[in-house]
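Here are some friendly notes to read alongside the model. Please keep the structure open as you go through the points.

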Amino acid sequence: MPQTPIVHFEAASTLAVVVSSNEPLLFLSDELKVIAASASFCRAFEIDPASVPGSRLGELGNGEWAMPKLASLLSATASGSANIEAYEIDLQRPNHKTLHLVVNARTLDDGNIDHIRLLLAVTDVTNARAEARLKDDLIRDKAILLQEVQHRVANSLQIIASVLMQSARRVQSEEARGHLHNAHHRVMSIAALQRQLSTSHGGSVELRAYFTQLGQSLGASMIADPDRLAIQVTVDDSAVSADVSVSLGLIVTELVINALKHAFPDERTGTTVIDYRSSGNEWTLSISDNGIGMPVGSDAPKAGLGTGIVEALVKNLGGEIKLSDAGPGTVVTISHQESAGLRTEVSTAA
Amino acid sequence: MNNGKPVVLVVEDSALIRMGAVDLVLSAGYEALEACDADEAIRMLESRDDIDLVFTDVQMPGTMDGIKLSHYIRNRWPPVKLIVASGAAILEESSLPFGSRFFSKPYDDHAITDAMARLLSSDAPLAPTA
């Protein structure tokens with residue numbers, strides 16, 4: 001016979017609810033005596049259900065629940081001076097790895113203020129925490145890997161750029177040197193894009209920053225006297241996908257190279273403007289200069305590789321290219337209309 | 001100075017990039033020396049006293065990367081000018097010794113020779129590093 005007579009009897013239904021709870025639960029008296037434990041609790045923490053009734057919290061299992069901090073928090077909850085909400089404890093058992101638990105305790109109020117009982121819910125978050133840590137590790141690893149890839153791409157582009165410039169310094173032919181320099185500009189255009197992408201989120205490229213960098217890069221290598229020639233960038237807040245930006249960047253590169261090479265002979269001064277604006281699916285890119293203007297008729301230069309590249313890229317983007325007199329100078333406008341893609345399809349089908 | 005020509009030490013572990021950088025230095029009219037890591041660079045700096053500028057990569061095998069090397073050089077050979085280039089994420093020039101220049105890779109040859117010319121022509125005493 002227990003020495004302390006049980007004054008209160010628990011309703012069978014209450015005990016049934018506790019025992020059948022899916023969530024590990026302990027039903028305690030205010031003296032931290034275990035009235036009932038859910039089957040899930042016994043299963044999760046390897047406690048013999050037969051040993052539960054009448055034992056004290058600290059006596060459960062091998063005494064691993066005798067945590068002074070938990071006991072004092074529960075006592076405080078019982079007296080109404082505290083509330084255990086999502087309190088974290090480590091359960092240490094011999095021959096088991098430490099479990100990370102989240103406990104919630106509250107008093108059960110059935111109107112009888114002399115009869116205080118506690119309900120302690122225990123959640124094992126060991127695996128969840130481990131998974132979260134693993135996820136963090138993976139995210140960090142991926143970020144490091146991405147940085148490493150970007151570093152390698154930059155190094156590879158540097159190798160190509162170095163080799164092209166070495167070749168350009170060695171060749172005798174002025175024409176060959178020009179071609180090598182152009183190839184170098186194309187590589188640097190992709191490099192500027194790569195730099196823009198490495199600082200962007202979600203893989204879209206902000207054109208103003210990209211074209212500004214592109215203009216600086218082209219200016220640095222092609223403009224000997226910045227007081228004579230300048231590149232100006234007037235671009236709205238548009239952002240495009242990485243593959244579209246490759247095409248746009250290469251078009252800008254070709255057209256700016258062209259303008260700087262041909263529009264300002266004989267020490268002319270002038271400005272080349274890179275302009276881009278978009279609205280919905282419609283966009284317009286224009287490269288204009290205030291130079292000598294395009295020669296026409298028999299004086300017109302033979303279309304070079306640059307022209308071919310631009311035409312191919314514009315076609316890819318579903319755009320239209322227009323060359324006009326800017327008075328003074330030349331403006332090349334590439335535009336993409338909402339219905340442009342459709343019209344191209346119709347005309348090729350016809 | 002060597003025959004009146006400034007001497008530039010290129011520190012870079014990638015052979016092709018190093019070759020290109022040496023070619024760049026020569027084409028700019030300077031004398032070029034090369035090292036494939038920080039340790040070799042320090043040995044060269046210790047063995048001769050005519051190096052005016054060090055143009056270094058950041059990520060290199062060996063005991064020091066280019067950033068540590070640049071600080072080491074600033075402390076031991078304060079007059080030596082410094083240019084640092086890297087393919088890694090954009091670096092703050094503030095993490096480099098005072099007065100050094102940073103370029104991200106791939107760098108533009110003109111930008112590098114321009115920076116070399118400016119650094120080599122400035123004989124202004126360096127402000128003490130904070």
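**Notes on the A/B contact and a few local features**

1. In this predicted model, helix H4 (residues 126-170) of chain A packs against helix H1 (residues 15-27) of chain B at an angle of about 40°, with the axes 9 Å apart. Axes here are lines fitted to C-alpha atoms, for helices over the stretch in contact, and angles run from 0 to 180 degrees between N-to-C directions. Helices (H or I, at least four residues) and strands (E, at least two) are DSSP runs, numbered from the N terminus.

2. H4(A) and H1(B) are therefore oblique to each other (under 35 degrees counts as roughly parallel, over 145 as roughly antiparallel, 65 to 115 as roughly perpendicular and the rest as oblique). On the H4(A) side, the contact (heavy atoms within 4.5 Å) includes Gln158(A), Arg169(A) and Arg170(A); on the H1(B) side, Gly20(B) and Asp23(B) are among the residues involved.

3. Looking at the chains as a whole, 22 residues of chain A are in contact with 19 residues of chain B. The two chains bury about 1900 Å² between them, with 56% of it on carbon and sulfur atoms; buried area is the accessible area (1.4 Å probe) that two parts lose on being put together, summed over both. In chain A, the residues losing the most area to chain B are His151(A), Gln158(A) and Arg169(A), together 30% of what that side buries.

4. Do have a look at the salt bridges (a side-chain nitrogen of Lys or Arg within 4 Å of a carboxyl oxygen of Asp or Glu). There are 3 between chain A and chain B, and the count over all chains is 17. Arg170(A) and Asp23(B) are joined by a salt bridge at 3.2 Å, N to O. Within helix H5 (residues 174-198) of chain A, Glu174(A) and Arg177(A) lie 3 residues apart, about one turn of the helix, and they form a salt bridge with the closest N and O atoms 3.0 Å apart.

5. Two prolines deserve a glance. The Gly327(A) to Pro328(A) peptide bond is cis, with omega near 5°, and Pro328(A) sits in the loop between strands E11 (320-325) and E12 (330-336) of chain A. Lys105(B) and Pro106(B) are also joined by a cis peptide bond, with omega about -5°.

6. Finally, conventions: residues are numbered from 1 along each chain as its sequence is written, and chains are lettered from A and ligands numbered from 1 in the order in which they are written. Local features need pLDDT of at least 70, side-chain atom pairs count only at pLDDT 80 or more, and totals for chains, interfaces and linings use all residues, while side-chain values use heavy atoms, leaving out hydrogens and water.
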